[in-house]
Amino acid sequence: MTVTAPPEPTGPVTAQATSDRARSRLDVAGLGVLRGGLFVLPAMAIVGVFLMFPALWTIYIGITDYRLTGEQARNPQVVGLDNYARAFDDPLFANSLWLTMLFVLGSAVIGQNVLGFGLAWMLRKVRPTLRRTVEALVLLSWILPSTVVAYLWITVLDRDAGTLNLLLGTEGTAWLLQFPMASLIVFNTWRGTAFSMLLYSSALAAVPPSQLETARMVGASGWQTVRDVVFPHIRGHVLTNTLLISLWTANDFTPYLLTAGGPDHQSEIIAVFIYRTALEGAGDLGYASAISLLVLLANLVVALVYMRLLRSREAA
């Protein structure tokens, strides 16, 4: 006797079952769409008020001649893309871009990357007490408020009674006036190295010790070990760290507390330039908003390039 299995349901019944399963996968907590949406609503409201609205308002202001004072403050006019055209013809904007590139390259891509990795590499085999002490001191410079750190560095670099002049015997040297960008690069390297050190410490812990021991036994130098053994394992961490510290540095406002963009615009990086354009003098908010949007687009381009590099690494 042959037993025949009942036919599988088809048509609307099968479609309904599939739809129910899809909804059940989406609604894991079983709250339902309405109740789940109510839980998300406060977070979405905060994002909308503090992120989306300012972004849209900045885009709108960027196509107007809005100012803090004067007739344009009471009755701003739409000027289209004039602010963007003005930015590309503004030598001060070009100067701020160039200084920002120097600032990012010197203090983030090279400074924080190299110093952070160097500290992480040297602290691998030291005694735990010494390692924790060094890490705590490096972290202290990172977690202190920007105003406190800026004041400390002003006292270090002061022309008359600065600590650096006393140590070097160069009394009367005004470091923030004579070497403003170099001072800012050293300052930001010192202040931001902690993040790179922590990230690379975590990355180095994942490198197989057997490979490091093999490199040592075959007589590889320290540089050869880093290049041929360590770097292939931490390439993704290097990309991630470089992206984050570059974006943070490019948008950092702390240099304003040290030099205020001076002297004569010699340390006016893009964040300081936007601030001074928007709030000093008549307050050209329309032009400053247009520049802010250009900076946002530049940040997005950098992030997309990073994502492309990361995907190509994963594919390889």
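Residue I154 lies in helix α7, helices being DSSP runs of H or I of at least four residues, numbered, as strands (E, at least two) are, from the N terminus. This is a predicted model, in which local features need pLDDT of at least 70 and side-chain atom pairs count only at pLDDT 80 or more, while totals for chains, interfaces and linings use all residues. Residues are numbered from 1 along each chain as its sequence is written, and side-chain values use heavy atoms, with hydrogens and water left out.

Leaving aside residues up to four places away in sequence, I154 touches L176, L257 and L258, where contact means heavy atoms within 4.5 Å. I154 and T259 stand 105 residues apart in sequence, with their C-alpha atoms 9.4 Å apart in space.

Helix α7 comprises 12 residues (146-157) and should span 16 Å at 1.5 Å a residue, which agrees with the 16 Å between its end C-alpha atoms. The expected span is 1.5 Å times one less than the number of residues in the helix. Within α7, the residues V149, A150, W153 and L157 are buried. They cover an arc of only 100° around the axis, so they lie on the same side of α7; the arc is that of the directions from the helix axis to the C-beta atoms. An α-helix has 3.6 residues a turn, so residues three or four places apart point the same way. On the other side of α7, T147 and Y151 are exposed. The cover over the buried residues of α7 includes α6 (128-143), α8 (163-168), α9 (175-178), α10 (180-205) and α13 (255-259).

**Nonpolar cores**

A nonpolar core is a set of buried Ala, Val, Leu, Ile, Met, Phe, Trp, Tyr and Cys residues joined through side-chain atoms within 4.5 Å. The largest such core has 19 residues, of which F117, Y200, L204, V207, L212, V230 and I234 touch the most other members. Helices α5 (91-122), α10, α11 (209-217) and α12 (222-250) each supply at least two residues of this core, and the largest share, 7 residues, comes from α12. Not counting residues up to four places away in sequence, V207 touches L212, V230, H233 and I234. A second, separate core of 16 residues includes A87, A278, L285 and L293.

**Aromatic pairs and charges over rings**

The whole structure contains 13 aromatic pairs. Rings of Phe, Tyr and Trp (its six-membered ring) pair if their centres lie within 6.5 Å; planes under 30 degrees apart count as stacked, over 60 as edge-to-face and the rest as tilted. Two of the pairs are listed below.

| Pair | Centre to centre | Angle between planes | Class |
|---|---|---|---|
| F53 and W57 | 6.2 Å | 20° | stacked |
| F253 and Y256 | 5.1 Å | 15° | stacked |

F53 and W57 are 4 residues apart in helix α2 (residues 32-61), and are therefore separated by about one helical turn. F53 is exposed, at 53% relative accessible area, whereas W57 counts as partly exposed at 44%. F53, W57 and Y60 form one aromatic cluster.

A charge sits over a ring if NZ of Lys or CZ of Arg is within 6 Å of the ring centre and within 35 degrees of the ring normal. R86 lies over the face of Y287, at 3.8 Å from the ring centre, and R124 lies over the face of W121, at 3.7 Å from the ring centre.

Methods
Buried < 20%, exposed > 50% of the residue type's maximum accessible area, 1.4 Å probe, protein only.
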